[in-house]
Amino acid sequence: MTKELLKGNVAIAEAALRAGLEAYFGYPITPQTELLEHLSKRMVELGRVFLQAESEVAAINMVYGAACSGVRTMTSSSSPGFSLMQEGLSYIAGSDLPCVVVDVMRGGPGLGNIMPSQGDYFQVTRSAGHGDFRPIVLAPASVQEAIDFTVLAFDLADKYRHLVVIAADGLIGQMMEPAELPEMRPSSRSAPDYALTGAKGRPPRAITSLHMAAEEEEAFNIKIQQRLGVIRSLEQRWFEYKVDDALLLVIGYGTAGRIAYTAVESARSKGLKVGLLRPQTLYPFPEDRISELADQIEGVLVVEMNAGQMVEDVRLAVGGQAPISFYGRMGGVVPMPDEVLSNIEAAYERISARYLVE
Amino acid sequence: MDSKDSLVCGIEGMELVYGRPQSLTEMHTHYCPGCTHGIAHRLVAEALDELGLREQTILVAPVGCSVFIYEYINADSCEAPHGRAPAMATGIKRTQPNKTVITYQGDGDLVSIGASEIFHAAARGEHITVFFVNNAIYGMTGGQMAPTSLPGQHTSSSLDGRSTERTGFPIRMSEVLAQLDGSAYIVRRSLHDVTNIRKAKKSILTALKVQQAGLGFSMVELLSTCPTNWGISPEQALTWVKDNMLPFYPVGDYKVTEAVKGL
């Protein structure tokens, strides 16, 4: 395969169907609409299910139905639409069903705007609607990662029978860059043993998120938490750059992580001992590696396109071992590398000042 | 499959002429005395038996009193968020077009919170069958006003009787959905006496045949009772349907396409 010039949204769509997407339901919303448009053409060409729903509420419940059929299914949206899906996500979580949801995040709160944002971090990582649940959340920082994580998302969803969210910001969805698509997978997947296919020659199956007895509901919750424990121990993913001798660790994900990379490169060229850690999974958060690095570093700078959401996870992982500073832009403003660099320099200066005192 | 085959009469020389349909489980229902959900469940189960559909049926349960229907109907089933059963059924039917996909929804579920989902499923002509149980009240939450509650009807959230000035007017959903080009078969029946129950059964069979033949969206509305929350006896409740609901919600065929007539 060779690289092609691909738009992020189109790349995710094409990667999804090559990973075996059998049923897509969605609703137009900027900045993810090209994803829906691409699938409207390709899924029909391939004789698979594409349906433009009447709302995001309906779309996620169609996904819920298709997941009951046992097929690989997906929807995509952007922040306000993702908010509307919370009800369906909670039911899917409460039914142990796998599916993939793409959130191409935009500025908020409210209608906000259509500019790139990471303001949904809490919403995507903390729960799936009401109740105790955490989806697996993948955060691509390039079109290539968007492709790779889309394929990974379906595999993780099936492996754990778990909800997987791809949290891309509007920049990842809208930008074009060269990337390589995977080969088309053969769609020979047989219906899983929980699928509702008609009770022919077997007892009926029921898929429900309803457990009337508190103890029964608690037992179900314990099962979820045990699964999340396995996910936390096996699925933490991150990218790191020049952390070995770093005194300052910069942490950012998605577009903010990519901009931070450029800023870290500039800082290194100025002789500053700065490294980068870019979480690729927002849940499970790469807390083990950050905790390990916290022993060695003298300070942390967190960069996000929001008011400071992931920084809370960083604080938990660092556990007070190093001072943490934050730089964020909100409302769809994308920080420039030199803004991040000046924050790196300021944080580095504080570290050096401490050294001098000591 | 004949329901008689599944049961042994046990008395020599006696023929079993009436038994539990195979599509009903042995579970005792949780419904109040005099509630017609039990009749509606039985009619659906008999129809699935008679058409041999049980083993290819996927039932989508609602939120409301009939939330546990998946424990009573002996078929594959799932339980949708409140009002979303038609969307969930769409996801199932689109991915398994050869299966029989049915939803069973009350009036709060279908007419209020799920108005959008039922409307668009009908407009798309989804090949699903909807059983719509209308008893003009929210039963499970304890008798609040429904979008189908009659003008002047006393409920726990309209204590002085439903005021159309304050709360608007009841919605006749069969008439509404019949206007959509995607609907193929929309009828209203009642469960308040034997004659009407028999008519309801026939329509349930027709609605399922519409789906089997791929003719479009089908729905049977069933006027039903809620003696507990209406605050009257089971017998009075049947009379209440006849005297109060039938004039406002006339039974009848609201949409029967030419293709359906030819079944």
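First, some housekeeping. Residues are numbered from 1 along each chain as its sequence is written, while chains are lettered from A and ligands numbered from 1 in the order in which they are written. Since the model is predicted, local features need pLDDT of at least 70 and side-chain atom pairs count only at pLDDT 80 or more, whereas totals for chains, interfaces and linings use all residues, and side-chain values use heavy atoms, with hydrogens and water left out.

Let's start inside chain A. The contact between them takes 32 residues from domain 1 of chain A and 26 residues from domain 2 of chain A, where contact means heavy atoms within 4.5 Å.

How much area is buried between domain 1 and domain 2 of chain A? About 2400 Å², with carbon and sulfur atoms giving 52% of that. Buried area here is the accessible area, taken with a 1.4 Å probe, that two parts lose on being put together, summed over both.

Three salt bridges are counted between domain 1 and domain 2 of chain A. A salt bridge is a side-chain nitrogen of Lys or Arg within 4 Å of a carboxyl oxygen of Asp or Glu. If you want one to look at, find A:Asp313 and A:Arg126, whose closest N and O atoms are 3.0 Å apart in a salt bridge.

The interface of domain 1 and domain 2 of chain A also has 18 residue pairs in polar contact, both residues being at pLDDT 80 or more. A polar contact is a pair of N or O atoms within 3.5 Å; within protein, one must be able to donate a hydrogen and the other to accept it, and residues adjacent in sequence count only if both atoms are side-chain atoms. On the side of domain 1 of chain A that touches domain 2 of chain A, helix α6(A) gives the most, with four residues. Helices (H or I, at least four residues) and strands (E, at least two) are DSSP runs, numbered from the N terminus.

Now to where the chains meet. Here 33 residues of chain B are in contact with 34 residues of chain A. Together chain B and chain A bury about 2500 Å², and carbon and sulfur atoms give 59% of it. On the chain B side, B:Glu55, B:Asp76 and B:Pro81 lose the most area to chain A, together 22% of what that side buries.

Between chain B and chain A there are three salt bridges. In one salt bridge, the side chains of A:Glu87 and B:Arg84 meet at 2.8 Å, N to O. The count of residue pairs in polar contact between chain B and chain A is 15, both at pLDDT 80 or more.

Which element gives the most to the side of chain B that touches chain A? That is α3(B), with seven residues.

Two strands pair if DSSP finds at least two bridges between them. Strand β9 of chain A, residues 206–207, runs parallel to β2(B) and is joined to β2(B) by two bridges. In that pairing, A:Ala206 has B:Ser77 as its bridge partner. Further along, β5 (183–190) and β6 (217–223) of chain B pair in the parallel sense over seven bridges, and B:Arg189 stands opposite B:Leu222 in β6(B).

A few backbone details to finish. A cis peptide bond joins A:Thr30 and A:Pro31, with omega about 5°, and A:Pro31 sits in the loop between β2 (23–26) and α2 (33–45) of chain A. Another cis peptide bond joins A:Tyr283 and A:Pro284, with omega about 0°. A:Arg161 is not a glycine, yet has a positive phi of about 50°.

Finally, the structure holds 34 salt bridges over all chains. In one of them, A:Arg227 and A:Asp96 meet at 2.4 Å, N to O. A:Arg227 lies in helix α9 of chain A and A:Asp96 in the loop between α5 (86–93) and β5 (99–105) of chain A, so this pair ties together parts that are 131 residues apart in sequence.
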